[in-house]
Amino acid sequence: MSGMGEHLPALIEATGVSLDFPLYHASGRSLKKTLMGSVTRRMGEDNRHRVVVQALRDISFRLEAGDRLGLIGSNGAGKTTLLRTLAGIYEPYTGSIRVQGSLNALLDPNLGMNPNLTGRENIMLRGLYSGLDGKEIEQLEVDVRRFAEMDEFINLPVRIYSAGMIIRLGFALATAIRPQVLLMDEWFLAGDANFMERARTRLEDMVRGAEILVLSTHNTDALLDWCNRLIWMEQGRIHRAGPTVEILEEYLGHRVQPKAQPAG
Amino acid sequence: MAIRDLRETISLWRLCWTLAELDIVQRYRGSLLGPFWLTLSTGVMVGAMGVIYSTLFQIEMHDYLPFLAISQVLWGYLAVLVAESCQGFTMSEGMIRSMRMPFLLYGARMVLRNVLVLAHNVVVIVLVDLVLWNWPGPAAIFAIPAMLLWLIDSLAITILLGAICARFRDVPPIAASVMQMAFFITPVIWRPHLIGDKEWLLPFNPFFTLLEIVRAPLLGTVPGWEIYVSAITSSVVLCGVTWVFFARVRGRIAFWV
């Protein structure tokens, strides 16, 4: 929406990205452990008792404008971690990621919404975060309010909203700001069917408007509809990569029919 | 990378300000006096302590009350800032994990929020000066650069403590007890000269010198050079350590929270 990236074509380039996810147990983070650790090391023992999950291993790919990438793989294969790394939330230990163009990451259902603030205040914060000015924030509010059917609830704190209303608000907010690079996690395609009907049109608009899409999902229809290439991840590595149908058939172990009609 | 973090924080200053403002609004939503509860509670506390301690220390109330008001308000700012810094990053876990934001922004938000609180409490100082008709005079100008130094130090504290406490969950209680001890060994409610011939030790207490560079001008005197040297040295050390530390661990904070 803003920034210098707007004039450049969107681009994502990942080169040899590896990321270890350190797991700190409640006791594992204490000062005592670390101090003790340095003592034992001095005594010649190995200090490798930290639990590390190898979340990503040597991931390389390049996406340009028009690319729509789907991420598949079993749970825990590193799909969400990869999305978070692309979004700049986690930094790779080795390798590099270059993202060019404005970015919007739909990763968390609440998208950092503060439950104690009103809907309106949350909308304002989101607008400021995206670098909108006063007038654009007003427009954002009108748009979100209409889509999420908020009415007078907009002036009440988000914590009293019903679950459905929170999802509507989160969704409306996330999809109101159109980025060049769109990163999307699974949950966005789940949701109550009634709402999904309307959401789908809006989401498709956004997906088609984005220059690059990276989508992580198990939903075969969405992959077939939206993605033109897939990366199949296993244990943090790229297991296979290639055109959607080919990789999907291999992944599912049976033939898939690309639909002529987009679902929904 | 750490410099980029700083640059992005500055470009998002409006977001930062709004977050700080909403923090205060949210805390007092639905209350009648709103943030002026801060003013009132500080005022009551200063009044009560003024009576007790001026009797205990046998000092003229007229003399002691302005001193106490300023000390209490400034120390209150520092103590709350330290306590909140310890939870700075862990409290914002949801935000840190769902969107990329410069980390300094979380620190700046805490500093701004506490400056807003401070602004409400300053009313107490002004009221005390007004009632006793005891104005500091031109020396008060020296409090302005000192406050700027405070702001920079505050940001350093939020980042340093925020990151350390995210990694080591033992640190918050340690910080709390250090602050409590510092409150007693630092001339906050007692006058520096009461310590007698040990007064030469005081400039070695950075809490004291940092407090004094703001407090003394507001009481109408300019602190001595040794106070300034100590305050500036400790600030440089604090900011230096914070910067080196932040540059090293910035990429890992997201894993720690």
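Reader: In which helix of chain B is A176(B) found?

Author: Some conventions come before the case. This is a predicted model, in which local features need pLDDT of at least 70 and side-chain atom pairs count only at pLDDT 80 or more, while totals for chains, interfaces and linings use all residues. Residues are numbered from 1 along each chain as its sequence is written, chains are lettered from A and ligands numbered from 1 in the order in which they are written, and side-chain values use heavy atoms, with hydrogens and water left out. Helices (H or I, at least four residues) and strands (E, at least two) are DSSP runs, numbered from the N terminus. A176(B) is found in helix α9 (residues 171-185) of chain B.

Reader: Is A176(B) buried, partly exposed or exposed?

Author: Buried means under 20% relative accessible area, exposed over 50%, and partly exposed in between (1.4 Å probe, protein chains only). With 48% relative accessibility, A176(B) counts as partly exposed. Its C-alpha atom is separated by 9.2 Å from that of C86(B), 90 residues apart along the chain.

Reader: How many salt bridges lie between chain A and chain B?

Author: Side chains of opposite charge can pair when their charged atoms come close. The rule for a salt bridge is a side-chain nitrogen of Lys or Arg within 4 Å of a carboxyl oxygen of Asp or Glu. Between chain A and chain B the count is two. R250(B) and E91(A) meet in a salt bridge with an N to O distance of 3.0 Å.

Reader: How many aromatic pairs does a search of the whole structure find?

Author: Rings of Phe, Tyr and Trp (its six-membered ring) pair if their centres lie within 6.5 Å; planes under 30 degrees apart count as stacked, over 60 as edge-to-face and the rest as tilted. The search finds 17 aromatic pairs over all chains. The rings of Y93(A) and F255(B) have centres 6.0 Å apart and planes at 80 degrees, so this pair is edge-to-face. It crosses between chains, from Y93(A) in the loop between α2 (79-86) and β4 (94-100) of chain A to F255(B) in helix α12 (residues 253-256) of chain B. Y93(A) is partly exposed at a relative accessible area of 36%, whereas F255(B) is buried at 2%.

Reader: Which residues of helix α8 (residues 244-252) of chain A are buried?

Author: T244(A), I247(A), L248(A) and E249(A) are buried there. The buried residues of α8(A) pack against β3 (68-72), α7 (220-226), β8 (229-234) and β9 (237-243) of chain A. Just after this helix, G253(A) takes a positive phi of about 80 degrees.

Reader: With which residue does E250(A) form a salt bridge?

Author: E250(A) forms a salt bridge with R240(A), their closest N and O atoms being 2.8 Å apart. E250(A) lies in helix α8 of chain A and R240(A) in strand β9 of chain A, so the pair ties together parts that are ten residues apart in sequence. E250(A) counts as partly exposed at 38% relative accessibility, and R240(A) counts as partly exposed at 29%.

Reader: Which residues of chain B are linked in a network of salt bridges?

Author: The network links D23(B), R27(B), E84(B), R109(B) and R113(B). Over all chains, the structure holds 22 salt bridges.

Technical notes: Contact = heavy atoms within 4.5 Å.
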